Amino acid sequence: MSAAPRETIVRMGEYAVARGEGVLVGLGLGSCVAVILLDRHARVGGMAHVVLPAASLGRLHDKPARSAETAVPLLVGAMNAAGASVARIVGRLGGGASMFASLLPPGSVPIGERNVLAARAALRAAGIPVVGEEVGDTIGRTVSFDVARGSAVIRSVGRDDRVL
């Protein structure tokens, strides 16, 4: 009997890379976005737990993966160091909900939507195609990304799991 793959929790504003059998988990994504990257050939995957669309919107600079614009280059660099090639990396996105949209002034763009747009833009700038996403709506999510299988399971209360 083989051991279960090692699970790494990716907390808000953090990122992690796994090679081979790792599982990366983003818990309780509300307006945050999990940026999930995979080079299937090299068996290298990564996840960033993005909190803000731009670094200039935050006061804390101790976690450079807090924003989409900084998290994606960091994650790609760490994956390259682990043997991935940006030419083979594909992306997936999970989260970006509008948890408190009713509290926003009319005409405002919810932070979750802004995070999704910023993550897509950062991936586009890096030349990484988005091959799947489960974003938006008003529900929280948990993402579990199995690098060996190359799949991300999105879980939400009261809904069926979705596999990307």
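Select helix H2, residues 111-125, and colour its buried residues (under 20% relative accessible area, 1.4 Å probe, protein chains only): Gly-112, Asn-115, Val-116, Ala-118, Ala-119, Ala-122 and Leu-123. They lie on the same side of H2, because they cover an arc of only 165 degrees around the axis, taken from the directions from the helix axis to the C-beta atoms. An α-helix has 3.6 residues a turn, so residues three or four places apart point the same way. Helices (H or I, at least four residues) and strands (E, at least two) are DSSP runs, numbered from the N terminus.

This is a predicted model, in which local features need pLDDT of at least 70 and side-chain atom pairs count only at pLDDT 80 or more, while totals for chains, interfaces and linings use all residues. Residues are numbered from 1 along each chain as its sequence is written, and side-chain values use heavy atoms, with hydrogens and water left out.

Stay on H2 and select Arg-124 and Ala-125, which are exposed (over 50% relative accessible area) and sit on the face turned away from the buried side. Then show what covers the buried residues of H2, including E4, E5, H1, E6 and E7. Just after H2, Gly-127 has a positive phi of about 75 degrees.

Next, select the sheet. Its five strands form an open sheet in the order E2-E5-E4-E6-E7, with mixed pairing; two strands pair if DSSP finds at least two bridges between them. E2 (15-19) and E7 stand at the edges with a single partner strand each, so one side of each has no neighbour in the sheet. At the E2 end, E2 and E5 run antiparallel and are joined by five bridges. In that pair, find Ala-16, which stands opposite Met-47 in E5.

Finish with two loops. Between E4 (33-39) and E5 (44-50), select Arg-43; its phi is near 60 degrees, a positive value in a residue other than glycine. Between E7 (130-135) and E8 (141-146), select Asp-137, with a positive phi of about 65 degrees.

Definitions and conventions
Contact = heavy atoms within 4.5 Å. Axes fitted to C-alpha atoms, helices over the stretch in contact; angles between N-to-C directions.
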